[in-house]
Amino acid sequence: MFAIFFICMFSLVLANQEERLPNKCEVCKLLTVELQDALEKTGRSKEVLELGEVLDTGKRRRKIKYNTSETRLTEAMDNICERILQYKVHAERPGSLRYAKGTSQTMNTLKHLVDKGVKVELGIPYELWDEPSVEVADLKRQCETMLEEYEEVVENWYFHHQDERLERFFCATHVLRDSDQECLSEVWKGDMGVEGSKEESEGENRRQSHDAGEL
């Protein structure tokens with residue numbers, strides 16, 4: 001009876017999924033999470049770039065640190081919205097927290113039912129259950145549009161305002177200046193009793209706790 005009830009409830013969630021596409025705040029939040037993460041991976045590099053051509057006059061190339069260079073920013077932004085496709089919809093979570101990497105509690109439960117021999121029909125083949133959903137595909141599309149529209153804001157932050165958190169500067173101050181910003185205050189505290197949730201929680205908390213000035 002529980003399995004039937006659970007599947008029925010999940011089917012209702014899927015039926016309403018079209019009405020729950022990601023909003024502007026959620027897109028901006030995840031974009032900054034991914035960009036900040038990409039920048040953190042190269043933030044401590046000691047590589048030095050040499051720019052310009054060596055002239056006959058003997059003038060030397062200009063040297064610049066990689067971790068403050070335009071090259072580093074360009075590489076971090078390259079295909080940044082593709083990373084959004086790694087997210088899953090965690091329908092059991094509220095607000096922007098429904099978007100996270102890793103299998104959702106709901107999907108874990110359904111897969112366990114399938115492993116026990118219970119027939120579960122979601123309207124799509126089992127092998128496609130882990131493919132990006134309509135919501136996640138829309139997240140990526142909106143991410144690309146937002147990044148194209150506000151690329152100069154990212155560059156302004158990177159070169160002049162890294163003492164301010166990327167999320168605040170990019171989202172609160174610019175992209176969402178006249179829009180709802182409620183999702184920016186939503187913090188993931190972790191599920192209870194779901195395998196792998198502790199590691200996932202720690203990973204998300206690390207991404208949310210870094211000060212942009214550390215980049």
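Close-up 1. With a relative accessible area of 34%, S179 is partly exposed, a term for values between buried, under 20%, and exposed, over 50%, as found with a 1.4 Å probe on protein chains only. S179 belongs to the loop between α7 (166-175) and α8 (197-209), where helices are DSSP runs of H or I with at least four residues, numbered from the N terminus. Although S179 and K24 are 155 residues apart in sequence, their C-alpha atoms are 8.2 Å apart in space. The model is a predicted one, in which local features need pLDDT of at least 70 and side-chain atom pairs count only at pLDDT 80 or more, while totals for chains, interfaces and linings use all residues. Residues are numbered from 1 along each chain as its sequence is written, and side-chain values use heavy atoms, leaving out hydrogens and water.

**Close-up 2. The two sides of helix α6.** In α6 (residues 151-160), the residues V153, V154, W157 and Y158 are buried. They lie on the same side of α6, because they cover an arc of only 135 degrees around the axis, taken from the directions from the helix axis to the C-beta atoms. E152 and H160, on the other side of α6, are exposed.

**Close-up 3. An aromatic pair between Y150 and F170.** The ring centres of Y150 and F170 are 6.1 Å apart and their planes stand at 80 degrees, so the pair is edge-to-face; rings of Phe, Tyr and Trp (its six-membered ring) pair if their centres lie within 6.5 Å, and planes over 60 degrees apart count as edge-to-face. Both Y150 and F170 are buried.

Technical notes
Phe/Tyr/Trp six-rings, centres within 6.5 Å; stacked < 30°, edge-to-face > 60°.
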